[in-house]
Amino acid sequence: MDTLIDSMKVLHATNFAFYLKMHFFHWNVTGPNFPQYHEFFGDLYEEIHGAVDDIAEHIRSIEGYAPGSLQRFKDLSLVEDQLEVIPAHEMFTQALMDNNTVIIALKNAYKLANDHDEVGLSNYLQDRIDAHKKHGWMIRSTGMLGMAISMAAPSTST
Ligand SMILES: [Fe+2]
């Protein structure tokens, strides 16, 4: 069970760091389409923030203690802290990469939840993976990503 609890702590810190970064982008994004960018990051941080309490309470349900300090979050998070304000297209690129990192943390916890037969937690993590797959679609569809990532799109056929 310890490995599952540890993976959930990493997920909690990673999700929180991603939430905070999207809120930071909501505050500081600039550009000709500012209202849309501001609202886009607003919707994103609100959805991700909605998972913070659920993830922490799932940790308690499997008899772990939920981290809740900036130091512990920094130590555990797979998403890097954001110190500088960056141009809007870099914010969207960063958001996509960090969203993928959250999915990695979710899938890791999901595999361990399955191994430990924690079916309710598995179910919750599946739903979060779906939510982040949808975030990825939305971020990619803004057309705001850096050139290298935009051009790596696999196919345009429908
Ligand atoms: Fe706001």
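Select Asp-117, which is exposed because its relative accessible area is 59%; exposed here means over 50% relative accessible area, buried under 20% and partly exposed in between, with a 1.4 Å probe and protein chains only. Asp-117 sits in the loop between H4 and helix H5 (119-140), where helices are DSSP runs of H or I with at least four residues, numbered from the N terminus. Although Asp-117 is not a glycine, its phi is positive, at about 60 degrees.

Before moving on, note that this is a predicted model, in which local features need pLDDT of at least 70 and side-chain atom pairs count only at pLDDT 80 or more, while totals for chains, interfaces and linings use all residues. Residues are numbered from 1 along each chain as its sequence is written, and side-chain values use heavy atoms, with hydrogens and water left out.

Glu-63 counts as exposed, at 72% relative accessibility.

Now select Lys-21 in helix H1 (residues 2-28). Is Lys-21 buried or exposed? Its relative accessible area is 3%, so Lys-21 is buried. The side chain of Lys-21 makes a polar contact with the side chain of Asp-98, at 2.7 Å; such a contact is a pair of N or O atoms within 3.5 Å, where within protein one must be able to donate a hydrogen and the other to accept it, and residues adjacent in sequence count only if both atoms are side-chain atoms. Residues up to four places away in sequence aside, Lys-21 touches Val-79, Glu-80, Asp-81, Gln-82, Gln-94 and Asp-98, contact meaning heavy atoms within 4.5 Å.

From Lys-21, step across to Gln-94 in helix H4: the two residues are 73 apart along the chain, and their C-alpha atoms are separated by 9.5 Å. Apart from neighbours within four places in sequence, Gln-94 is in contact with Lys-21, Phe-25, Gln-82 and Ile-86.

Further along helix H4 (residues 88-115), select Ala-105, which counts as buried at 4% relative accessibility. Beyond its neighbours within four places in sequence, Ala-105 has contacts with Leu-11, Thr-14 and Leu-78. Pro-32 is 73 residues from Ala-105 in sequence, and their C-alpha atoms are 34 Å apart.

For the aromatic stop, display the rings: the whole structure has 9 aromatic pairs, a pair being rings of Phe, Tyr or Trp (its six-membered ring) with centres within 6.5 Å, called stacked if the planes are under 30 degrees apart, edge-to-face if over 60 and tilted otherwise. The Phe-40 and Phe-92 pair is tilted, because the ring centres are 5.4 Å apart and the planes are at 50 degrees. This pair links distant parts of the chain, with Phe-40 in helix H2 (residues 34-61) and Phe-92 in helix H4, 52 residues apart. Both Phe-40 and Phe-92 are buried. Ring pairs join Phe-24, Phe-25, Tyr-37, Phe-40, Phe-41 and Phe-92 into a cluster.

How values were computed
Helices (H or I, at least four residues) and strands (E, at least two) are DSSP runs, numbered from the N terminus.
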